[in-house]
Amino acid sequence: MNRTSLIILLVLLLLASQAVAQKPTTDTVRSRIGFLVGNFVTETRIPPNEQMLNGGTGKGTSIITWTLDSMFLAIDQQGSNSVLGKYKGHGMLGYDQQAHRYVLAMFNNFGDRLTYTGNFVGDTLVMTTRVPMPGMAFDQKLLWYREGKGVMLKVFNDIGKGFELALEEKSMRAGKKGE
């Protein structure tokens, strides 16, 4: 083997080892979203805006569990708030190995069926989607992160003026009797 072939082989081995080192493992992907798992009581705050001058508040529950051999999170949310009324939502959150991003499919009792995609920025899971509405569509962004012993979800909408906070939900782990 001549010197040029040896150098090319070493470069290819180095590039291949870097690609393998940078590819997230299933355990790494799971550990990143593990903070979302649990039974939670939620407090929702909808800030005042042009459509809802007084904003609103609400309470509910969120149960998030591993499913399908711990490859996905199953999300079951229920709540009620002073702006939207009763809310029920079901979703699945997982990691798309081919696209190298997280995917969240959410369905709710309003008939919405949204698919969000995104990734972590630091310790925050940032996901976006385009929300179809009659006569218009807008962009929506979710931020999920740990806050103390709980989890914070912030929802931002962009209806052409940049992203503005539309809803924030603080989830605290539901304690068992005696805790």
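Are Tyr95 and Tyr102 buried or exposed? Both are buried, where buried means under 20% relative accessible area, exposed over 50%, and partly exposed in between, with a 1.4 Å probe and protein chains only.

Before the rest, some ground rules. This is a predicted model, where local features need pLDDT of at least 70, side-chain atom pairs count only at pLDDT 80 or more, and totals for chains, interfaces and linings use all residues. Residues are numbered from 1 along each chain as its sequence is written, and side-chain values use heavy atoms, leaving out hydrogens and water.

Confidence next. pLDDT is the predictor's confidence in each residue, from 0 to 100. The protein averages 86, and 83% of the residues score at least 70. Residues 16-22 stay under 50. For that stretch the model has 0 contacts beyond four places in sequence, a contact being heavy atoms within 4.5 Å. Where pLDDT is low, the predicted coordinates should not be read in detail.

Now the rings. Rings of Phe, Tyr and Trp (its six-membered ring) pair if their centres lie within 6.5 Å; planes under 30 degrees apart are stacked, over 60 edge-to-face, the rest tilted. The whole structure has 3 aromatic pairs. Tyr87 and Phe110 make a tilted one, at 5.9 Å centre to centre and 50° between the planes. Tyr87 lies in strand E4 (residues 85-96) and Phe110 in the loop between strands E5 (101-108) and E6 (113-121), so this pair ties together parts 23 residues apart in sequence. Strands here are DSSP runs (E, at least two residues), numbered from the N terminus. Tyr87 is partly exposed at 21% relative accessible area; Phe110 is partly exposed too, at 42%. Back to our opening residues: Tyr95 and Tyr102 pair edge-to-face, 4.9 Å centre to centre, with 70° between the planes. Ring pairs link Tyr95, Tyr102 and Phe120 into a cluster.

On a 1 Å grid over the protein atoms alone, a cavity is a set of points where a 1.4 Å probe fits but cannot get out; a pocket is an open set with protein on both sides within 12 Å along at least five of seven lines; lining residues have an atom within 4 Å of a point. There is 1 cavity of 30 Å³ or more. Leu36, Phe40 and Trp144 are among its lining residues. The largest pocket has about 1300 Å³. Of its 46 lining residues, the closest to the centre are Leu84, Gln140, Val155, Asn157 and Ala166.

Key:
Grid points are joined across faces, edges and corners, and a volume is the space filled by probe spheres set on the points. Helices (H or I, at least four residues) and strands (E, at least two) are DSSP runs, numbered from the N terminus.
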